[in-house]
Amino acid sequence: MKKFRKVLDGLSSSSPGGVASPSCGSAAGTPTAHAPTPQDIHVQETLVSENFHICKTVRHGFPYQPTCLAFDPVQKILAIGSRTGGIRILGRPGVDCYSQHESGAAVLQLQFLINEGALVTACADDTLHLWNLRQRRPAILHSLKFNRERITFCHLPFQSKWLYVGTERGNTHIVNIESFVLSGYVIMWNKAIELATKAHPGPVVHLSDSPKDEGKLLIGFESGTVVQWDLRAKKVDFRIYYDEAIHSVSWHHEGKQFMCSHSDGSLTMWNLRNTARPIQITYPHGKILKDGRKESCKPILKVEYKTSRNSSEPYVIFSGGLSYDKSGGRRPTLTIMHGKAITVLEMDHPIVEFLVLCDTPYSNEVQDPYAVVVLLEKDFIVVDLTQSNFPIFENPYPMDIHESPVTCTAYFAECPPDIIPILYSIGAKQKKTGYSHKEWPVSGGTWTLGSQTYPEIIVTGHADGTVKFWDASAITLQMLYKLKTSKVFEKPKVGEGRAGELVEEDPYAVQMVSWCPHSRLFCVVGISAHVILYRFSKHDANTQIVSLEVRLQFDSEDVISPSEAENNPCFSDPSSHSPQPPGSPGSGTQDSLPCLKVKNRPVRMPPGYQAELVVQLQWVDGEPPQQITSLDINSAYGLLAFGNCNGLTVVDFLQKTILMCMGTLDLYGAADPYQRLTRSPRKNRQSTSGLTELSDNQVSMDMERSKSPTSDHVNGHCTSPTSQPCSVGKPRITGVPEGPRLTRRGPGRPPFRKAQSAACMEISLPVSSHTEGGYASRRAMLQQLHGVSMYSHDEHHTTSYNWSERAESRENSFSRSRSSSVSSIDRDTKESVTTLQFGESYGRKGDALPTACLWVGTSLGVVLLLPISIPTEEEERMEEPITMGPSGTVLMLKGSVLRFAFLDCGGALIQSPYEVWRDPNGPEDPDRPRRRKLVNFSPSSSQEACSDGHLAVVCSEKQAKVILMPTQAVLFTHNITESSFLLRADVVSVCNSVCLACFCANGHIMTLSLPSLRPLMDINYLPLTDLRIARTFVFTNGGQALYLSSPTEIQRLTYSQEMTDNLQDMLGELFTPIETPEAQNKGFLKGFFGGNAQTFDREELFGEAAAGKASRSLAQHIPGPMGLENMKTAAGGVVGDLARARIALDQRGERLGELEERTALMMNSAETFSTHAHQVMLKQKDKKWYQL
């Protein structure tokens, strides 16, 4: 703990970047009588480095690029492998575990040790791994790396410790699961085929033991050859040959016949009595043509042949096999054949693998299937086989996060406790019907609600305009409510000018969201430069959506001089930026239209979030509006603010009017710190204004009402609210004809950039095609780290950084300004508004009391304050205009401003004021008129010791500053990074205190104490491999964060040591002790006539005593990190003790086994010696002494 008695007054000289304009220092203004000075600030900081630790908690969503599937029928847990080396193990809801192979090699196959709490994985780097599942976080016990052969197929019989491994060369090896050592017993391919066969049979594609006799191993080769190998006699029982390649084999449970699926779409049935030819050949989806030929069909990749107690007809379930003529227009299919009934289930995505779930783990019993698990490329479904219509089960896991690509995320911890139940009750009405009524079959493991739980909500925005609210409490994830923002707009008609393109692209994609859980106000920014405001209601409504259109197209004739602007800001008089009159040339009426058309009729809105207001930016001079880069909403003030690279717009959503619509340069007033060099306007364009206009031109009346400030500023105050540039229009409710809007289009400029999913990023860092983003060092760094390309567009000299996971290019999607310092401004740079924050503060240094203010941060590191005058009475608030304008206050930082936050003089976080939620459509009470109830966290009321004043925390891409208000003295400055830049910064509460959490582009996660900005943690956690992570990374209270780890998965993590310590109690148990079901007694007659499976001792065949040792060069044993020597550091608690005891017991068992083998050898040798001695004695017994 550290107590700060004195701090520097004015600018901090301890670090570069502390130099700013004179207006930043306390000398520029005199504190009021009640305002605190830096010497008055006494903050007791409680956070230390020991409070922080980075740890991944849980991963949600569908496994990205899945490859294989496995199921434990006794434990009832399921595992999914992926192409990136990940394993997801799923059980009952709450039991969801993610593990990762360090090599990152694709997982080819999974094999459970049924009811043993272990899993074998075969990876593309030809390594086998044994995972221990008897702990909450699985870990590798052993690994076996094949050096000379490639693994193609594995098979582990039930209750066996010997794993059969088929290779690409056609050989079959056997691995001891307990010791993970190769046996000397090998089935070579040249012994399995006939000597007369000249061709190689190909890789092993199938291995299985006969249900009738475990000593018989069925080996399937890719070429179409199937061999049954007698393990005891070490010879072939029979060989079958087929002209088509084999993909899979499935036994009948009696072991007398089996079925194969082939590459020509056929199924063949083989009987062991006659293996010369198949007893049946079927083409389930192939028909015989008129000329007698059969239709060519796609391969059947897998077949399952299962018997049922309730029916004499078996189930034949397979994937693929459609005819090539039909498959072109049809989706992937799963076919279920039961007797004469054939059911074809069409899937939305290609099938990766499927498994048939059966009641018994024994292969020689009637299987009695009850469900089919189908793993698709982008989905996971379970089909109920017990009902004739084969319904699917309702999936309890959040596997549909990527239903539409995720484009943005938000994370809210410690929400009001009533918000989750109300969202769930509304969202329950949106659920689909028709699911199976049976319980979810994957029900293994145990999970209990942890002791430290609080309401958490994750909000995801998607490319199709949907917004999803998720309950994220207690490290689980469950969908609460889905909102479709596209319902606000008219559907564009195909073939009607530009609308034809809109249908194919994503005009409704969500770019950012702002949510106030207390007032339940929700705001969405879309890629089409639109903002939608929603209110929550428990009742349905039939209302008309108010629409406002804003002309915010700024083409400055001033550019920033890179001369002496950084060290000696020049406070020159602002140039005149008069707006273009509405009727002047270049502002044709066909241009002043938004990208989308709001419904101009009353719309029925169901309970939940209901649209109240839509604000859209207009096309200007044939160019689409620039994307919105910042947003904030405040329910107490009734204001909404958003900005982009052209300027700032403030909307009064209570009166449905535009308060302010200004270019970025005009926000400075008389305090512009940069020199502006004039340049010629672009060709074929009239000079346009720095300020903006709205579409409706009722200037005289509406301007008088809205009191919008203009460029006539004196001492930073708005003095002439009606003199010129900002014209305000009435709410635009009526629709505008589509024709003119759809025909006007700039040359080579698409109306929309296709929605760039955060899952599949090709994000450009600059704000617009006019922006030259960043400086040379950042470009070099990005090129070096990510292999990005820079290119320029004709006269605009655009520099773009593209991260691509797809072939097609999506221009400048979800872009952000990345100007890093004033000295690095390129020749044609616009200054964009990068962050906004409403709050109670001091707009000017001489203010004695805090008032409502809007803090504005720009891409050039400038912080501006706009004081707001709001009527206090509710009646006046709805009728009287709000006045606001630039105060002339300018603060400077290095890099683009990312975040604002406010602390009281005691270091506690000050929340923004909010309005308590009330249902807008609730029944009216005539006796008690409805009034707004506001909750205000004013700095003067939160800290009595300092009277007035508060601390402002400002963080940019490069540095953070803590400023004392109202004196504007910079108390602390910390340069966070020099070689990189921050992507995300949030002020969060951790361990009953607050800190600044930062995520850097070089992968570092950092925390800084407040207000001293003392580094507490700096860990290189995550390399920025693509901008998906940059776009979706977000911190929240309680020491938690999340990001989109893949296009389909959300990774949550904690940076709190306290939560890391409690994580074991929050995770689910994968393994629960269950008695293995006993094999069925088949009766005397069946056993007498050979119905029972014959058992044999595999140890006798495969053990070292009989088979010898395998060649050391063939495979290398690698002890896992969970070996006994590392157990103390890798595991703790009861689970760790059990795991240590189990491994020690296994090792002791191995030693005892070796001792037993040695004892047996000694006994054998002793017996042999005794026999020889007895024989010698008998031979010499009757001989005389002279015969010796």
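This is a short tour of selected spots in the structure, stop by stop. The model is predicted.

**Stop 1: an open sheet**

Select strands E8, E9, E10, E11 and E69. These 5 strands form an open sheet, in the order E8-E9-E10-E11-E69. Their pairing is antiparallel. Look at the edges: strand E8 (107–113) and strand E69 (1115–1119) each pair on one side only. From one strand to the next, the twist averages 20°. Strands of a sheet pair through backbone hydrogen bonds, either parallel or antiparallel.

Now zoom in on one pair. Strand E9 covers residues 118–123 and strand E10 covers residues 127–132. The two are joined in the antiparallel sense over 5 bridges. Select valine 120 and find its bridge partner in E10, which is leucine 130.

**Stop 2: cysteines**

Stay in this area and select cysteine 123. Is it buried or exposed? Cysteine 123 is buried, because its relative accessibility is 0%. Next, show its sulfur and the sulfur of cysteine 68. Cysteine 68 holds the closest cysteine sulfur, 8.5 Å away, which is too far for a bond. The cut-off for a disulfide is 2.5 Å between the sulfur atoms. How many disulfides does the model have by this rule? The count comes to 0. Then select cysteine 358. Its relative accessibility is 7%, so cysteine 358 also counts as buried.

**Stop 3: a loop with a positive phi**

Select phenylalanine 180. This residue sits in the loop between strand E14 (172–176) and strand E15 (181–187). Phi of phenylalanine 180 is positive, about 55°, although the residue is not a glycine. Most residues other than glycine have a negative phi, and most peptide bonds are trans. Phenylalanine 180 is buried, with 0% relative accessibility.

**Stop 4: helix H3**

Select residues 419–427, which make up helix H3. Which of its residues are buried? They are Ile419, Ile420, Ile422, Leu423, Ile426 and Gly427. Turn the view to look down the axis of H3. The buried residues fall within an arc of 165°, so they line one face of the helix.

What do these buried residues pack against?

- strand E32 (456–462) and strand E33 (466–471)
- strand E34 (478–484) and strand E35 (510–516)
- strand E37 (530–537) and strand E42 (608–617)

**Stop 5: the loop between E60 and E61**

Move to the loop between strand E60 (959–965) and strand E61 (969–975), where proline 966 is placed. The peptide bond from methionine 965 to proline 966 is cis, with omega near 10°. Glutamine 968 is found in this loop, between E60 and E61. Phi of glutamine 968 is near 65°, a positive value in a residue other than glycine. At 1% relative accessibility, glutamine 968 counts as buried.

**Stop 6: strand E64 and what follows**

Select strand E64, residues 1004–1009, and pick out threonine 1007 within it. Threonine 1007 is buried, with a relative accessible area of 0%. Which residues does threonine 1007 touch, leaving aside its neighbours within four places in sequence? Among them are Phe52 and Tyr1055. Cys995, Leu996 and Ala997 are also in contact with threonine 1007.

Finish at proline 1011, in the loop between E64 and strand E65 (1015–1020). A cis peptide bond joins leucine 1010 to proline 1011, and omega is about 10°.

Terms used:
Residues numbered from 1 in each chain as written. Predicted model: local features only at pLDDT ≥ 70, side-chain atom pairs only at ≥ 80, totals over all residues. Heavy atoms only, no water. Helix = DSSP H or I, 4+ residues; strand = E, 2+ residues; numbered from the N terminus. Buried < 20%, exposed > 50% of the residue type's maximum accessible area, 1.4 Å probe, protein only. Contact = heavy atoms within 4.5 Å. Arc of directions from axis to C-beta. Pairing = 2+ DSSP bridges. Axes fitted to C-alpha atoms, helices over the stretch in contact; angles between N-to-C directions.
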